[in-house]
Amino acid sequence: MNIRSLKTMAALSALWFSAHSYGHSGMFPDGFEYDDSNEGAPAESFQTLMSNDSQSLVSSATCVDGSAAGYPCKSVDLMSFMAKGDLGGGSANLTDIWGWTDPQTGAEIAIVARTNGTSFVDVTDAANPVLLGFLPSHNNGSDSWRDVKTYNNHAYIVGDGSGNSTHGLQVFDLTTLSSVTPGSTLTETAHMGGFGNAHNIAINEDTGYAYVVGSNQCSGGLYMVDLSNPTSPTYAGCFSSDGYTHDAQCVVYNGPDTDYSGSEICVAYNEDTITIVDVTTKTNPMQISRSLYQGSQYTHQGWFMDDTQSTLIMNDELDEQNNGHNTTTYIWDVSDLDYPQEIGRYVGPTQAIDHNLYTQNGYVFESNYRAGLRILDGSDITNGNLTEVAYFDTIPNSNSAQFSGTWSNYIYFASGNIIMSDIGNGLFTVKPDWDAINNPDPDPIAYCDAASNNAGEEWISQVQIGDFSNSSGSTTYSDFTDQTIALPTGGSAVSLTPDFSGSSYSEYWKIWIDLNGDGDFTDSGEEVFSSGGTSSSTVNGTLTIPSSANTGPTRLRIAMRYNAAPTPCGTFNYGEVEDYTVDIGGDGGGDPDPQSYENDTSYSIPDNNSTGISSPISVTHTGDAGTVSVTVDITHTYIGDLVVDLVHPDGSVFNLHNRSGGSANDLMETYSVSVGSKDAAGQWQLKVKDLAGRDIGTLNRWQLDF
């Protein structure tokens, strides 16, 4: 667990031997020292608590915009906070934490380990926790480490360090809490000697055995205790072959390795290895495997990912400080207990040291000291991947690799509330917002910047699209995304008006829509309107949304540029850019039953040829054609050579483009053609002719909208 000053490890390259090797490197002294230097200012709520003697706790606060009562958060709400001075036992720091639920009343009890004893807090009403009592350490010992677990309605407590040299195993009957006077000083129910100080305790509730680890007996290994008589625990056996164990999880094995089905195994975290031991026979435990990993500094603690017992999640307490990387979580495939394999590492967003972690329902709950509680999604764990989905940070202004902040968490209350021990501050009760975690708001799309450098001489004065209209003044870029333009697929009328401070100028116009929602305007068909040439007055036409476009909200961008066609990104000298939200599939005031027809077959346009090419579209729309929107996409190096005509099924010709534009490249334009009472149905033609030499091009596509 908590290590401060270490001997330098020998090179790991010399240690990559068989998992069945039994040798162990020299143990490291446990030199943890609480260090709250450079934490920065505490949360505002904590400062208020400390300056207001009449206030005993900070009550609930919802996580909104990344904060709950001043604590950084994501999808985790604060239910309450009790300062360490309100937990009994004076101002002693907190260490580990566990929980117990009263089987008679359903009360949820936080068991808060302290340097000088254990506090018991009723957190059933999470917003209003109540201190039930404080149990002093056995023989009044005090040191930096205390650990507690529960079995059969009893708490079993150990203490480490020279201050707990006579501590042994302290037993407390939890059922007595229902009748105590809140705030009482409690008395231990029973005590077991045989060892003095110990670092930790693991309990297998399925078998009723406790495993004391890091004690002054059994070389610090698994010291096994029979809890079948809760108040008279007895020594049952010892595993010392791999030396000191820092923490462990012990289970009845039901995983995929059939060689050990039904056996009781302990996964021990032994400072530089994961060591798996068969403890079915307490008098003759057998080591199954011993696994090293590259970069190990202090193999600290871990937990099975789920009941399948095929994956382990593990932390190393000193790799952040010694190796200089961010918080790193190690993922192991243990489907073969004889040969565990590391399959991935999750690297977190901060430099904080990781400490205790536990798992439930496919999630990992890490207490990462100064970075607080971190919740990781393990849905892709078999591929060695974890993803952070939520957090609650009790040290708002520091995530450095120092020993202060959250020591541990308990996640197994039926209410879904989580209790957390912050070493120097106190007891936090929080609750994940699972709806927010499972249905997160999508990250906002970052669109490219676009603007003019000067809007003082000309600017966009009015935009009309369908039924939508917006007037505005002189600005190089205007963000109108709080305004939504509802548009159907097909054609919608467009009217764009410039304004000028003095003389009028010739302006180009373009409109783009991010039709597929991928954050750009460069995909085929996303340029939905172009003026095709310059004008100093209002430009009218039709904006066309293809039927294949995604429905729902997305970004629309309009650009007006002096004397040159604008692009959707970047800056230009004179004009303006405006952004809007557009709701595709909404009622934009266009044709209630729009009909769109397209021919996207490309045709090469012969050079200097009076016949040209014809591209057909068969229309089934019934009734009068009325006003038809014609979208043309032609690539050509000299549009002044081109004549473009729309031909009605009865042979009537409507000229769209007649050799204007000079040497400009490409004709991408939407034309509004009044066809009147002529029938819409039949085969329409787009005829394109090049009437001068030396320049060639291609009709890429064209579209009719009724």
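By class, the lining of the second largest pocket has seven nonpolar, 12 polar and seven charged residues, where Ala, Val, Leu, Ile, Met, Phe, Trp, Tyr, Cys and Pro count as nonpolar, Asp, Glu, Lys and Arg as charged, and the others, Gly among them, as polar. The model is predicted, with local features needing pLDDT of at least 70 and side-chain atom pairs pLDDT 80 or more, while totals for chains, interfaces and linings use all residues. Residues are numbered from 1 along each chain as its sequence is written, and side-chain values use heavy atoms, without hydrogens and water.

A pocket is an open set of points on a 1 Å grid over the protein atoms alone, where a 1.4 Å probe fits, with protein on both sides within 12 Å along at least five of seven lines, and its lining residues have an atom within 4 Å of a point. A volume is the space filled by probe spheres set on the points, which are joined across faces, edges and corners.

| Largest | about 720 Å³ | β17, five residues |

Among the 26 residues lining the largest pocket, Gln249, Val251, Trp303, Asp307 and Tyr412 are the closest to its centre. Its lining has 12 nonpolar, nine polar and five charged residues.

In the second largest pocket, also lined by 26 residues, Ser524, Gly525, Glu526, Glu527 and Arg701 lie nearest the centre. Strands (DSSP runs of E, at least two residues, numbered from the N terminus) that each supply at least two residues of this lining include β38 (527-530) and β50 (697-705).

Methods. Helices (H or I, at least four residues) and strands (E, at least two) are DSSP runs, numbered from the N terminus.
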